Amino acid sequence: MSFAVRRLQKELSKIHKDGLPQGISLVKADDFDEWLLDIRVFGENPLYKGQRFRLKFKFGNNYPIEPPEVTFTTGLERQIPMHPHIYSNGIICLDLLSPSQGWSPVQNVESVCVSIQSMLASNRKNERPEGNDEFVARNTKSPKHINFVYDDPTV
Amino acid sequence: MMSDEEYFSDGSDGTFQDDSMRFDDVEEEDQYLEDTRFDKPVKKAYEVDFKVHSDQQIRSGQQAQFEEISNILGLDIGQAALLLRHFKWQKEKLIEQYMDNPDSINKAVGIRPEAHEDTKITKVKDFVCDICCDDGDSMETFALPCGHRYCVECYRHYLTQKIKEEGESARIQCMGDKCTMAFDASDVQAVVDDDTFTRYKTLLDRTYVDDRESLRWCPAPNCIYAIECGVRQKQLNQVVPTVLCDCGYQFCFGCGLADHLPCPCSLVKKWLKKCEDDSETANWISAHTKECPICVSTIEKNGGCNHMTCRKCRHEFCWVCMGPWSEHGTSWYNCNRFEEKSGIDARDTQAKSRASLERYLHYYNRYANHEQSAKLDKELYTKTEKKMTQLQSTSGMSWIEVQYLDNASKVLQQCRQTLKWTYAFAFYLEKNNLTHIFEDNQKDLEMAVEQLSELFEKPVDQLANLKVEMMDKTAYVSSRRIMLLEDTAKGLAEDRWKFNVELV
Ligand SMILES: [Zn+2]
Ligand SMILES: [Zn+2]
Ligand SMILES: [Zn+2]
Ligand SMILES: [Zn+2]
Ligand SMILES: [Zn+2]
């Protein structure tokens, strides 16, 4: 059994036992390669009010030593949230998810969801990242291998 | 050939002088150039001082500095190492700033000198590892002085990933969220297996050499040596620092490319880029026909010879420079002088852009010709070895006696390399009365090289009789190369050359 599977099993049984924070729900966790979770943003933020967003987690064999690959996906009544750090193809620019920058193996699926939830909740800008169209048209790399510059402490 | 003594002119004790002084001190740097030119008469104008270090010496060089800092600041070796790496080995700066404000530096580097004994591997009662979520009293745990304790298995996994997959060494931090506490070598050794630790040490040595302007790894494949040289990046327009590794590879300390004397690094870079960009246009023009400079009828180039004869008016001219062939004598070598008056006139009748392409092509063809010959070097060398064996058996000469062939072959290779780059040099050189010396040197070297090369093609049974002639030619070719390099190197140091591009 791989390192990642052992850890994910523990995370899963904890989720089943204790549940997840408000606004976060597990949609699919049939295997230990890919999980789907839905998140909602509470409060009065008009950007996301009444909407649900779907996050896709992809785990490598080295999780949690290496971060999971986390992206937003579209689906029935699920759009990619508008945010200056979220590209329209669902790729999220967040230092927490970068292997060389903010990731710590102490993080887990739940804590990543909470971070992304609060990243949405605090945002007031109804816009995509700079150069979104070009990036979306061009990018073929997995988000983990993109060297984002995490230079904007305001969002 | 130069003797070893000329290369290793200063003591080789494995430790390095601190270079932070020289770094900012302009006078000191001028001093360096002065040394190069006048103080050591044995040294040629194009030679620089350098030292070859083995991986062992690289390691003991670091160790000596760790110990020094450890003594001065009262820290353990691992902490001293982290500090030195953080400060990119600038000792003076480190000591000054550490004396000033140790706390902020400790924090930035990720060390905690007062609590180092915590890092041992221990078992903790009722322990749960926050990473693998395993628990058990028998589980071995580890923590850096920050106290972020996880099981050893998780730390091993983490460090192995960092070292073997991500190639990190000098700046590995604690696994705790947002914790910047750093791993020193003994911490890493306590956790990982031997194989990973060996890799870790190799990576540390790499960063040591990479962090220092005075050191560079020999770029030859599988070579373990590093070269120390005092020439700085900003001096590269005045000197071409060519070094010879103990593995036999000769390369430029400034840019890491193979020996490119006499061309300064910045021109080499420009030239290589130009060759890349222009190769298609160059192919186009060289594959195409030209117009006769006299009657303007179309002429096709057949075969490799540059001697063209117009079918219509019988005008004889040179394909490369378009000048009359009568000015070329019997040898194409003379065509290295591109700016013949009649050639210019002839080219004026052609499009200007085409002329500049042809000018480029002139130099490129000669550059590529020598490069091609250089690529045959290996073949030539094998052939030489075979000839040496044959010669030993047919002439009864001893191994020592046939060494002249080996030497001749090496000199030939080296001179082709030099000639190749003289054409890139010449392409950017602005013609004036001083450049004639350079052109003459180039021509002489080229002729001597071709003569020596011809001698090589002789059948084996004649080679033994040619020994004296070959040794003479070899010595002559060597001396021509030295003469050319002396002139170009002095010209660079004295800022005598005018180039048609900016040296940046
Ligand atoms: Zn820590
Ligand atoms: Zn663990
Ligand atoms: Zn070498
Ligand atoms: Zn160079
Ligand atoms: Zn003609």
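Mentor: Donors are N, O and S atoms within 2.8 Å of the metal (3.2 Å for Na, K and Ca), and water is not among the atoms, so sites may look incomplete. This is a predicted model, in which local features need pLDDT of at least 70 and side-chain atom pairs pLDDT 80 or more, while totals for chains, interfaces and linings use all residues. Residues are numbered from 1 along each chain as written, chains are lettered from A and ligands numbered from 1 in written order, and side-chain values use heavy atoms, without hydrogens or water.

Trainee: What spacing do the donors of the zinc ion (ligand 4) follow along the chain?

Mentor: The zinc ion (ligand 4) is coordinated at 2.0 to 2.3 Å by the SG atoms of Cys252(B), Cys255(B) and Cys265(B), together with NE2 of His260(B). Along the chain, these donors follow the spacing C-x2-C-x4-H-x4-C.

Trainee: Is Cys252(B) buried or exposed?

Mentor: With a 1.4 Å probe and protein chains only, buried means under 20% relative accessible area, exposed over 50%, and partly exposed in between. Cys255(B), at 29%, is therefore partly exposed. Because its relative accessible area is 0%, Cys252(B) counts as buried.

Trainee: Which side chain meets that of Asp134(B) in a salt bridge?

Mentor: Chain B has 14 residues in contact (heavy atoms within 4.5 Å) with 14 residues of chain A. Across this interface the rule finds two salt bridges, each a side-chain nitrogen of Lys or Arg within 4 Å of a carboxyl oxygen of Asp or Glu. In one of them, at 2.3 Å from N to O, the partner of Asp134(B) is Lys10(A).
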